[in-house]
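Thanks for coming. I will go through a few residues one by one, then turn to charged pairs.

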Amino acid sequence: MSNFLIIYSTTDGHTKIICERIKNFLIDKNFVELLSLEDAKKVDLYNFEKIIIGASIRYGRHSKELYKFINLNKDILDQKKNAFF
């Protein structure tokens, strides 16, 4: 059994909806936790085997907070199976 962390950064809520769909697809076989970017900052990423990050694009860019989160956690993310959209 794998455990997934799905992190979303959204402006209008669409990215969260997509992440909820991914969670529902994975939940039958796995432990899946869905967190906002703000809540993910408080979690130990080492506790998860696989990490998915979904982020909205506004005016051609992701949020500054998302870039900051990824830069702060790059070493951990590189050690995990991960996906980003």
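Lys 80 sits in the loop between helix H4 (74-79) and strand S4 (81-84); helices (H or I, at least four residues) and strands (E, at least two) are DSSP runs, numbered from the N terminus. This is a predicted model, where local features need pLDDT of at least 70, side-chain atom pairs count only at pLDDT 80 or more, and totals for chains, interfaces and linings use all residues. Residues are numbered from 1 along each chain as its sequence is written, and side-chain values use heavy atoms, with hydrogens and water left out.

Is Lys 80 buried or exposed? Lys 80 is buried, at a relative accessible area of 16%. Buried means under 20%, exposed over 50%, and partly exposed in between (1.4 Å probe, protein chains only). Leaving out residues up to four places away in sequence, Lys 80 touches Leu 45, Tyr 46, Phe 48, Glu 49 and Ile 51, where contact means heavy atoms within 4.5 Å.

Now the salt bridges. The term means a side-chain nitrogen of Lys or Arg within 4 Å of a carboxyl oxygen of Asp or Glu. By this rule there are six salt bridges.

Lys 74 is partly exposed, at 43%.

Lys 68 and Glu 65 also form a salt bridge, at 3.7 Å, N to O.
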